[in-house]
Amino acid sequence: MRRPGSLPQARVSGRLLLPVLLLVAAASVPAREAAAAGPGPSVDVQAATEAWLAKVPADKRASSDAYFEGGYWLALWDFLYAAAVLLLLLSTGASAWMRDRAERLSRIRWLQAGLYWTQLIVAWTLLQAPLSIYEGYVREHAYGLSTQTLQAWLGDFAKILLVNVVLGALLYPVLYAVLRRVRAWWVWGSLVAVAFLLFVQILAPVFILPLFNTFTRLEDPAIRGPILSLARANGITVNDVFVFDASRQSTRISANVSGFMGTERISLNDNLLKRCTLPEIQAVMGHEMGHYVLHHNYKGGAFFALVIIMGGLFLKASFDGTVRRFGARWRVTGIGDLAGMPLVLLLFLAYLFAITPVFNSVTRTLEAEADLFGLNASRQADGAAEVALKLGEYRKLAPGPLEEIIFYDHPSGRSRIEMAMRYKAENPGPN
């Protein structure tokens, strides 16, 4: 359920973990009737879908809708706030000052790039902190989705900063060597970014994610056995299942099949074990194995590479003109000038913000493919429907069609339950 190459940002519990939460309320009479109807063509898909949705009390539904719809505005405010911070760094001369300081500290170009990046990411993080604290801590607690104390949250926030410092110090010297020396910098710079993305994907399961959570082997054979059996049946050659302690951060459930080139790992969080039945766990793991078997890491990576390359073309078209107009005021001379990085980030963020509906639609399609794979692999239609309701604790369950296209990077709860009920109707047998 994770987008390829995503890294932890200001909110570990929301970005680092794949979400889902607490099952709400006992089943209503209509929902019991839908379950009693049993599998097979006699199942009325639409009626069964509505019966599942009716299990959620009105107050829980209203809270979920408010949380998710508030995220629409947060996406806008995230962009505007980030743009304001980057413009502040440019217009005050802070970026040029950081460049000059890096050049005074070392005459070695690659070290200058690393020193500049370190100053930039620290300044960026501190200036973004008020919105990050509201969005990642205050708001998550207000909706009952976070379990962290402020001290623990700030600890993870500091770890994210450290990871960004280290990764950026590795990437930017290489990137700026390309920007300074290569005429077609938008092409080669994009390829460097893509290669680095793949490098981080290899590192993340083994070296980055354990910084935020403790991973241990799942010992319960009643749960581990069916998961490994499902993996073997679908060509996934792993010998262990790992559990990570997401409950120290969040009430959401999550799982993933991550890594490649020898770093493959099946992981699920402790909330999933505590809050879900075995059929639900199997439904979730079938979905995650679908991502792996259907090569979504590679397909999603290829799409993200295309996004980066197209972003490079956008930078080519917009960066030089902006520098011609404002460069003297900002003390930025061109694309190879370290002080121009806030402008690069600003333009690239504007490009990503503009293509959000396209990005969401592509990832939502991959998620729907994994949903269908998971149903066929696990044969747990009711388990998948229960999980969709848990996801509904923080995702609006029944958006309008256009709303889903623009804002959803996963299928909505209604779409997922309808798919599960259609599978149940067409596949007589245990579900």
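Start by selecting helix H4 (residues 58-91) and helix H6 (residues 109-142): their axes come within 11 Å and cross at roughly 165°. Here an axis is a line fitted to C-alpha atoms, for helices over the stretch in contact, and angles run from 0 to 180 degrees between N-to-C directions. That angle makes H4 roughly antiparallel to H6 (under 35 degrees counts as roughly parallel, over 145 as roughly antiparallel, 65 to 115 as roughly perpendicular, and the rest as oblique). The crossing of H4 and H6 is right-handed, a label used when the near helix is turned clockwise from the far one by less than a right angle, with anticlockwise being left-handed. Sorted by class, the contact between H4 and H6 has 17 nonpolar, three polar and four charged residues. Contact means heavy atoms within 4.5 Å; Ala, Val, Leu, Ile, Met, Phe, Trp, Tyr, Cys and Pro count as nonpolar, Asp, Glu, Lys and Arg as charged, and the others, Gly among them, as polar.

Before moving on, a word on what's on screen. This is a predicted model, where local features need pLDDT of at least 70 and side-chain atom pairs count only at pLDDT 80 or more, while totals for chains, interfaces and linings use all residues. Residues are numbered from 1 along each chain as its sequence is written, and side-chain values use heavy atoms, with hydrogens and water left out. Helices (H or I, at least four residues) and strands (E, at least two) are DSSP runs, numbered from the N terminus.

Next, pick helix H8 (residues 185-208) and helix H12 (residues 296-330). Their axes come within 9 Å and cross at roughly 150°, so H8 and H12 are roughly antiparallel to each other. This crossing is right-handed as well. Show side chains: among those making the contact are Trp185, Trp186 and Leu197 of H8, and Phe304, Ile308 and Leu313 of H12. The contact residues divide into twelve nonpolar, four polar and one charged.

Now for the sheet. Colour the four strands of this open sheet in the order E1-E2-E4-E3; the pairing is mixed (two strands pair if DSSP finds at least two bridges between them). Strand E1 (215-217) and E3 are at the edges with a single partner strand each, so one side of each has no neighbour in the sheet. On average, neighbouring strands are turned by 30° against each other, direction ignored. Helix H11 (residues 278-293) packs on the sheet, touching E3 and E4, and its direction makes about 30° with that of E3.

Zoom in on strand E4 (residues 265-269), where five of its five residues are buried (buried is under 20% relative accessible area, exposed over 50%, partly exposed in between, with a 1.4 Å probe and protein chains only). Arg265, Ser267 and Asn269 point one way, Ile266 and Leu268 the other. Strand E2 (residues 241-244) runs parallel to E4, joined by four bridges, whereas strand E3 (residues 255-258) pairs with E4 in the antiparallel sense, also over four bridges. From Phe242, hop to Arg217, which stands opposite.

Last stop: two loop residues. Most residues other than glycine have a negative phi. His295, in the loop between H11 and H12, has a positive phi of about 60° and is partly exposed, at 44% relative accessible area. Arg379, in the loop between helix H14 (356-378) and helix H15 (381-391), has a phi near 55° and is partly exposed at 33%.
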